[in-house]
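Good morning, colleagues. Please take a moment with the sequence and the structure on the screen before I go through the strand pairing and the core.

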Amino acid sequence: MDPRAPRPAHARPERSRRSRAARALAASAPLALLVVALAAACGGEKRAPAAGPDATYAVRGEIVRLPAEGSREIWIRHEPIPDFKNVSGEVVGMDSMTMPFTLAAGESLEGLAVGARVGFRLEMRWSGGPPAAVSALEPLPADTRLSFDPPAGEDQGGETPR
Ligand SMILES: [Cu+2]
């Protein structure tokens, strides 16, 4: 048989079926990417500001004021944040203070009240979105000592458990 002779006709449909499948796969890949991109865009609009935070910090503190109805502003007395970076990215630190934060969308306050000790993630955004958002709020044990508490030996008042 001459190797240069055309392949038998019956071999062709198989080959072209395969390439049709390959073409279909290639065509669907960009579509899948588009679907993923759209889903991400829609989700991002509802859930969080477009861009991720410029920096995040693990912080502890005590809830001072819960958000008013229809508001997402929560006041927390927080411990110092020694590695806090300013807008230029310089580590300037932040002292312990009571300040307002924006509760990240979807963040639950269930079981949390004024006076509750909490750990949370501080998300700093220097442009677009709330500048200081609080996410991953989690209650700490009520007897957690924070840096602004008086030293244990100097506690005044209150009842001492016996
Ligand atoms: Cu602060």
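Predicted model: local features only at pLDDT ≥ 70, side-chain atom pairs only at ≥ 80, totals over all residues.

Which residue in S5 does Met124 stand opposite? The residue opposite Met124 in S5 is Ala132.

Strand S4, residues 117–124, and strand S5, residues 132–139, run antiparallel and are joined by 6 bridges. Another of the pairs is Val118, whose bridge partner in S5 is Pro139.

The strands form a closed barrel of 5, in the order S1-S2-S3-S5-S4, and the pairing is mixed. From one strand to the next, the twist averages 55 degrees.

I shall take the remaining pairings in turn. Strand S1, residues 55–65, pairs with S2 in the antiparallel sense over 4 bridges, and Ile63 has Ile76 as its bridge partner in S2. S2 and S3 are also antiparallel, with 6 bridges between them; here Arg77 is partnered by Thr98 in S3. The pairing of S3 with S5, by contrast, is parallel and rests on 2 bridges. Within S5, Ala133 is the residue that stands opposite Thr102.

Next, the two faces of a strand. In a regular strand the side chains alternate between the two faces of the sheet. Strand S2, residues 73–78, has Ile74, Ile76 and His78 on its covered face, while Glu73, Trp75 and Arg77 lie on the uncovered one.

Which residues make up the largest nonpolar core? The core has 12 residues in all: Ile63, Ile74, Ile76, Phe101, Leu103, Ala104, Val118, Phe120, Leu122, Ala133, Val134 and Leu137. Two or more of these residues come from each of S2, S3, S4 and S5.

Setting aside neighbours within four places in sequence, Phe101 is in contact with Ile74, Ile76, Ala132, Ala133 and Val134.

Finally, a residue of S3 in another setting. Is Met99 buried or exposed? Met99, in strand S3, residues 97–103, is exposed, because 12 other C-beta atoms lie within 10 Å and the exposed class covers counts of 12 or fewer. In sequence, Met99 and Ala132 are 33 residues apart, yet their C-alpha atoms are 9.9 Å apart in space. Ala132 is also the residue with which I began, opposite Met124.

Conventions
Residues numbered from 1 in each chain as written. Buried ≥ 20, exposed ≤ 12 C-beta atoms within 10 Å, placed from the backbone. Pairing = 2+ DSSP bridges. Axes fitted to C-alpha atoms, helices over the stretch in contact; angles between N-to-C directions. Core = buried A, V, L, I, M, F, W, Y, C linked by C-beta atoms within 7 Å. Contact = placed C-beta atoms within 7 Å.
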